[in-house]
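Q: I have just opened this structure and would like to learn how to read it. Could you take me through some of its features, step by step?
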Amino acid sequence: MLEEADIIIWDEFPMAPKRALEVVDSKLREIMGKDIPFGGKIILCGGDFRQCAPIIENGTVDEIIGISVCCSPLWKHFQKFKLIENVRALAHENEFKKMLVEIGEGRFGENPDEIKIPEEWMSKGDIIDEIFGDIMENYDPATVMKRAILATWNKDVDELNEQVLDLLDEETEFTYHAQDVYHYGDEILQAAGEIHQNYKTKNIKGLPSYRLRLRKNAIVMLIRNLSIEDGLCNGTRLVVTNLLKHNLVVKKINIDGSLSDEILIPRISLTVKHGVVDVTRHQFPVKLGFCMTINKSQGQTMDKVGVVLKHECFSHGQLYVALSRVRSTEGLKIVLPEDKTSTANIVYKRLLELGKK
Ligand SMILES: Nc1ncnc2c1ncn2[C@@H]1O[C@H](COP(=O)(O)OP(=O)(O)OP(=O)(O)O)[C@@H](O)[C@H]1O
């Protein structure tokens, strides 16, 4: 397929580590049998260096900038084109558009590292009601899908998701417990984690919850690619239409807002390293998707967004991404810690400079 392709399109490019770009380069050289950049293929990359950068857990600013695609020796081969107009935000939102660019470039207001949030954007106290409250009576999945609550920490996202789930019909609730197996190398430590009781209650990074509580009409997000051809990819949001013992029945939302045919999601086994052991968990590869991290929301356009900044933005571009998901400031509500009226904005200016070169 790659050999026949005329062009390869890569979106959200600045989020990728340069290693990924270099692997693509060497693979294409090999496939095409030509020792020239990307084996001579055209690579069209899209993205905004003001948005989230690649992630290195506990990485320093230098380390994060160092793994950016713009620090790869391949970067010099790209011709840069600039998109200068924000077409997502509505025409009357000129002030908002200007503010977003200034926040993204770390030059908004007197103190660009600490953004004063306008009074009218602040949540009145119940963010879940403000974002989802009015649509719970006449529940329309397509409308719900165009809304989300964003937060910086996974823990906050999980708690908010559970609270939104509580608004759905309790009668339809079902809790799916995973089956876990713990290995040390090839040796199975024990079945179902009798000793590792604490693993069950904790969320393990990269795995679905041990205890997955769902209700009919819940919005879930896939956490693994299931079928790229069918558009069932990591990050796809789906609505749960039925909860069977061994399968979840879900539907996708089509572009016109209609629902797709029913799709059956099976449990699958996923393995990750957790401390010194490997955990293999058999569970549905989904998590609740009413709320998501800011990083996960990159690329989406929403009608209404709640941004919960009880834990402030801690990485480049997060505030810019969160605020720029909506078309209009009317659809934006922000939660700050009590007594605070401003929030942190982190911008790696050196990354922005390197991205321009
Ligand atoms: N040419 C256009 N005319 C009018 N509206 C457009 C046009 N292009 C995109 N849009 C609208 O803007 C929204 C954002 O588009 P898109 O997701 O392609 O932007 P993006 O540059 O990838 O943004 P981001 O990277 O911030 O997510 C879309 O939902 C679409 O409604």
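Q: Where is Glu-12 placed?
A: Glu-12 lies in the loop between β1 (7–10) and α1 (18–32). Please keep in mind that this is a predicted model.

Q: What should I look at in the backbone there?
A: Look at phi. Most residues other than glycine have a negative phi. Glu-12 is not a glycine, yet its phi is positive, about 55°.

Q: How is Glu-12 classed by its accessible area: buried, partly exposed or exposed?
A: The idea is to compare the relative accessible area with two cut-offs: under 20% is buried and over 50% is exposed. Glu-12 has a relative accessible area of 22%, so it counts as partly exposed.

Q: Which loop holds Asp-339, and what is its phi?
A: Asp-339 sits in the loop between β18 and β19 (342–344). Its phi is near 70°, again a positive value in a residue other than glycine. With a relative accessible area of 78%, Asp-339 is exposed.

Q: Which strand pairs with β18, and in what sense?
A: The partner is β17 (residues 304–308), and the two pair in the parallel sense over four bridges. To find one of these in the model, look for Val-307, whose bridge partner in β18 is Ile-334.

Q: What about strand β9: which residues cover its faces?
A: β9 spans residues 219–222 and is covered on both faces. Ile-219 and Met-221 are buried on one side, as are Val-220 and Leu-222 on the other.

Q: Which strands does β9 pair with?
A: Three bridges join β9 to β10 (residues 237–243), and these strands run antiparallel. β9 also pairs with β15 (residues 286–288) in the antiparallel sense, over three bridges. Val-220 is a handy landmark: it stands opposite Leu-238 in β10, and it also stands opposite Leu-288 in β15.

Q: How do I read a helix? Which residues of α3 are buried?
A: List the buried residues, then ask what covers them. In α3 (residues 94–104) they are Phe-96, Lys-97, Met-99, Leu-100, Glu-102, Ile-103 and Gly-104. Their cover includes β3 (114–116), α9 (318–323), β18 and α10 (349–356). Just after this helix, Gly-106 takes a positive phi of about 65°.

Q: How do I read the radius of gyration of the chain?
A: Compare it with the value for a compact globule. For 357 residues that would be near 21 Å; the chain has 22 Å, which agrees. Along its principal axes, the C-alpha trace spans about 55 × 55 × 40 Å.

Q: What do the contacts tell me about sequence separation?
A: Take the contacts between residues at least 6 apart in sequence: 70% of these join residues at least 24 apart.

Q: And how are the charges and the surface described?
A: The chain has 46 positive and 54 negative charges, and their mean positions are 4 Å apart. The chain exposes about 19300 Å², of which carbon and sulfur atoms supply 52%.

Notes. Residues numbered from 1 in each chain as written. Predicted model: local features only at pLDDT ≥ 70, side-chain atom pairs only at ≥ 80, totals over all residues. Heavy atoms only, no water. Rg over C-alpha atoms; globule rule 2.2 N^0.38 Å. Contact = heavy atoms within 4.5 Å. Areas by Shrake-Rupley, 256 points an atom, 1.4 Å probe, with all protein chains shown as cover. Lys, Arg positive; Asp, Glu negative; His and termini not counted. Charge placed at Lys NZ, Arg CZ, Asp CG, Glu CD. Buried < 20%, exposed > 50% of the residue type's maximum accessible area, 1.4 Å probe, protein only. Pairing = 2+ DSSP bridges.
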